[in-house]
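Please read it alongside the sequence and the model.

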Amino acid sequence: MNKPLILIVEDDPPIRNLISVALEAHDYRHISAANAGNAIMEATSHNPDIVLLDLGLPDLDGVKVIQKIRSWSNMPIIVISARSDDSDKIEALDAGADDYLTKPFSVDELLARLRVTIRRLNQSQMDNADQTVFVNGPLRIDYAAGCASLNGEELHLTPIEYRLLTLLARNCGKVLTHNYITQQVWGTSWENNVASLRVFMATLRKKLEPVPDSPAFLQTHVGIGYRMVRTDS
Ligand code: CA
């Protein structure tokens, strides 16, 4: 992908400017919008590669912008939230955002998130050509055969662990909320499912992670959910 196009949605001019300058310095193209109405218009007419979306917009909540974009596009959306409350991030992720940054954030952190997202975009184009096998460093999942291996050795997973692993792998790079995961794995999101999820994640990590206390594949987002990361990124 050459020179990805980033849509910056931010009503605060100094922050919008800070992001624009950082993107220009790192060879990204960008367009911007200062409110939700313009954001939806720019997203529709320019079809950007990634959207950086502030949640607190003057005309409409950022979550509504995510819902509108998701009605017609899977373009990656990284939410930028000034709110420290996890429930806002969870709401944005459940509406279809891919990742989040909390204000104040550093330019380095922002650039790192963009690189991860672009890698994921490139990877998903490659995965489309061969959807039956997923490879992430030493981890290999053969979806057609329904099995996974680590360093060539088959992992002995329970059905729930396997479903969890494949769900995270198919969304590699994306933060999945507890609610989303339990809906996908159990079909409900009762409180006790979230507790079960923690238990299954712990047993999955024991089998998957060389050092379960410092996981290489499965990140924990405390109070929010989990994400599988590329081990070589
Ligand atoms: Ca704002």
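The donor residues of the calcium ion follow the sequence spacing D-x42-D-x1-G. This is a predicted model, in which local features need pLDDT of at least 70 and side-chain atom pairs count only at pLDDT 80 or more, while totals for chains, interfaces and linings use all residues. Residues are numbered from 1 along each chain as its sequence is written, and side-chain values use heavy atoms, with hydrogens and water left out.

**Calcium site**
- The protein donors (N, O and S atoms within 2.8 Å of the metal, or 3.2 Å for Na, K and Ca; water is not among the atoms, so sites may look incomplete) are Asp11 (OD), Asp54 (OD) and Gly56 (O), at 2.2 to 2.4 Å from the calcium ion.

**Cysteines**
- The count is 0 disulfides, a disulfide being a pair of cysteine sulfur atoms within 2.5 Å.
- The sulfur of cysteine 172 has its closest cysteine sulfur, in cysteine 147, 18 Å away, which is too far for a bond.
- Cysteine 172 is buried, with 7% relative accessible area, and cysteine 147 is partly exposed at 27%.

**Aromatic contacts**
- Arginine 170 lies over the face of tyrosine 143, 3.7 Å from the ring centre (the criterion is NZ of Lys or CZ of Arg within 6 Å of the ring centre and within 35 degrees of the ring normal).

Key:
Buried means under 20% relative accessible area, exposed over 50%, partly exposed in between (1.4 Å probe, protein chains only).
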